[in-house]
Amino acid sequence: MGRLQGRKEREPFVLEHASIATGDEQGTVQKDMSVLVSADGRIEQVCPTPLAYVPSGYHRINATGKFVAPGLINAHTHLFADGKPLSGGTDLSPRVVDAALKVVHSPAGKVLMDARIKGNVSTLLNSGVTTIRTLGDVGYEAVRLRDKIDADELTGPRMLAAGPLLAIPGGHGDPFIALSCSSPEEARRRTRENLDHGVNAIKVAATGGVTDATKLGEAGSPQMTEEEMAAVCDEAHEFGVLVAAHAQSPEGVKAALKAGVDTIEHGSALDDEMIGLFLDNPRSLRGFSALDPTLSAGLPLVKISQQELGISDIVRGNSELVVDGMVKSAKQAHENGIAVGVGTDTGMTFVPQYGTWRELDYLVRYADFTPAQAFHVATQVNARNLGFDNVTGSVDTGKDADLIVLDEDPAKNVRTLADPKLVIVRGKPVWRPKVKHFEEIDRLLDSF
């Protein structure tokens, strides 16, 4: 697999005789096109190949028979794990927790975590993902990696890095990937603490979750209050930072929307009030809120046998309580014109870092999206949801060259996204992209 590469000068090049899969909702394809990429990594010309002017010194890449498309955007990733089964937290005593925290926050632990997230980000990039948002980190390792990529010290995807999420004491993610808070004032202070460490995304836990639940019914149970989440949103929005909310029940989703969060992660069945808040949310940063259903994180937990998953009875039971609501919310959001995005919850049980394409497949098979619509939300809609639509998400002049080259049209067959032939991120090609697969996990994911 191609690892994240160190500093390398960009070379201007042109992709010639390509079919461009535009990523619009209709699945428009432009045939026999050329895409010129300048030395600064931007798209400088998109036009029919016979009309293209290619300056001398440009490397020519013949893309005859191939489809050039916008790179994928994954709006919900975790980089501390690779997708192999995670056990529930039911058997972790305070002593075990304290010991584990000391290890991961030690100098050696930080070095290990830096190496792990670098490998996982490399997997995401090699799988065709050119923009990611992390939503729950052990510390600020993703911030450090993002800064190296932005400084051109490494070739990697564009990153929104959240650092630790914000949760109530003992709530979802606490203490491993969360900072705890128990009042609006403390929630505001914790938000500021993350911002001071350089994060450019924030996440709150509106409800309990599945993987770290300690009792049946914890997933979806309300945790952070509307007032606490509103304090987070007010502070983050002042700095132009979007806020995501883990929410897996109607009560949690509604409270988070009223507080002004910008994206709901996972979701639940929607009522008219929630639909209205998604479409017109006066407290959100940009006047609307989006939904990332993360079907990749939910469906395997109920579709694959518990023995093969290697999860506890509590994790299985909580999964069965919330996954149906996640699927329903994706359908309802699609039907009502809500901005649905693609985020997979990478790193969670049976959500490998290379499987972003599966979320599109699930949207098609379980939420009534067409393949063209699924590809549209993974590119153009996700770019808008994350505030990057002026620089990425489409194959347009002036935007960064975040591109993938495919054998087939992804607007007709999303499974072609599993095997990109070339990945280009901000004008830097990743030649012969490869990822290490978990064959048994892939086999089980292919079984439903």
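A: Helices (H or I, at least four residues) and strands (E, at least two) are DSSP runs, numbered from the N terminus. On that basis Arg-426 is assigned to the loop between strand S16 (422-425) and strand S17 (428-431). This is a predicted model, in which local features need pLDDT of at least 70 and side-chain atom pairs count only at pLDDT 80 or more, while totals for chains, interfaces and linings use all residues. Residues are numbered from 1 along each chain as its sequence is written, and side-chain values use heavy atoms, with hydrogens and water left out.

Q: Why is Arg-426 called buried?
A: Buried means under 20% relative accessible area, exposed over 50%, and partly exposed in between (1.4 Å probe, protein chains only). Arg-426 has a relative accessible area of 17%, and therefore counts as buried.

Q: Which residues of H3 are buried, and what do they pack against?
A: The buried residues are Glu-141, Ala-142, Val-143, Leu-145, Arg-146 and Ile-149. They pack against helix H2 (107-126), strand S7 (129-134) and S8, contact being defined as heavy atoms within 4.5 Å.

Q: How do you know that the reach of H4 is close to the expected one?
A: The expected span of a helix is 1.5 Å times one less than its number of residues. Helix H4 (residues 184-196) has 13 residues and reaches 18 Å from its first C-alpha to its last, close to the 18 Å expected.

Q: What puts the buried residues of H4 on the same side?
A: Those residues are Ala-187, Arg-190, Thr-191, Asn-194 and Leu-195. They lie on the same side of H4 because they cover an arc of only 140° around the axis, the arc being that of the directions from the helix axis to the C-beta atoms. Glu-185 and Asp-196, on the other side of H4, are exposed. The cover over the buried residues includes strand S9 (165-167), strand S10 (178-180), strand S11 (202-205) and helix H5 (226-238). Just after H4, Gly-198 has a positive phi of about 95°.

Q: How do the axes of H4 and H5 lie relative to each other?
A: Axes are lines fitted to C-alpha atoms, for helices over the stretch in contact, and angles run from 0 to 180 degrees between N-to-C directions. The H4 and H5 axes come within 8 Å and cross at roughly 35°.

Q: In the passage of H4 by H5, is the crossing left-handed or right-handed?
A: A crossing is left-handed if the near helix is turned anticlockwise from the far one by less than a right angle, and right-handed if clockwise. H4 passes H5 in a right-handed crossing.

Q: What makes up the contact of H4 with H5?
A: Its residues divide into six nonpolar, one polar and six charged. Ala, Val, Leu, Ile, Met, Phe, Trp, Tyr, Cys and Pro count as nonpolar, Asp, Glu, Lys and Arg as charged, and the others, Gly among them, as polar. Among the residues of H4 in this contact are Pro-184, Arg-188 and Arg-192, and those of H5 include Glu-227, Ala-231 and Val-232.

Q: How do you know whether Leu-386 is buried or exposed?
A: Its relative accessibility is 5%, so Leu-386 counts as buried. Leu-386 lies in the loop between H12 and strand S15 (403-406). Not counting residues up to four places away in sequence, Leu-386 touches Ile-73, Ala-75, Arg-133, Leu-160, Leu-242 and Arg-286.

Q: Why is His-376 called buried?
A: His-376 has a relative accessible area of 14%, and is therefore buried. His-376 is part of helix H12 (residues 371-385).

Q: Why does Gly-170 count as exposed?
A: Its relative accessibility is 55%, so Gly-170 counts as exposed. Gly-170 is in the loop between S9 and S10, where Pro-175 is also found.

Q: Is the peptide bond from Asp-174 to Pro-175 cis or trans?
A: Most peptide bonds are trans. The bond from Asp-174 to Pro-175 is cis, with omega near 10°.
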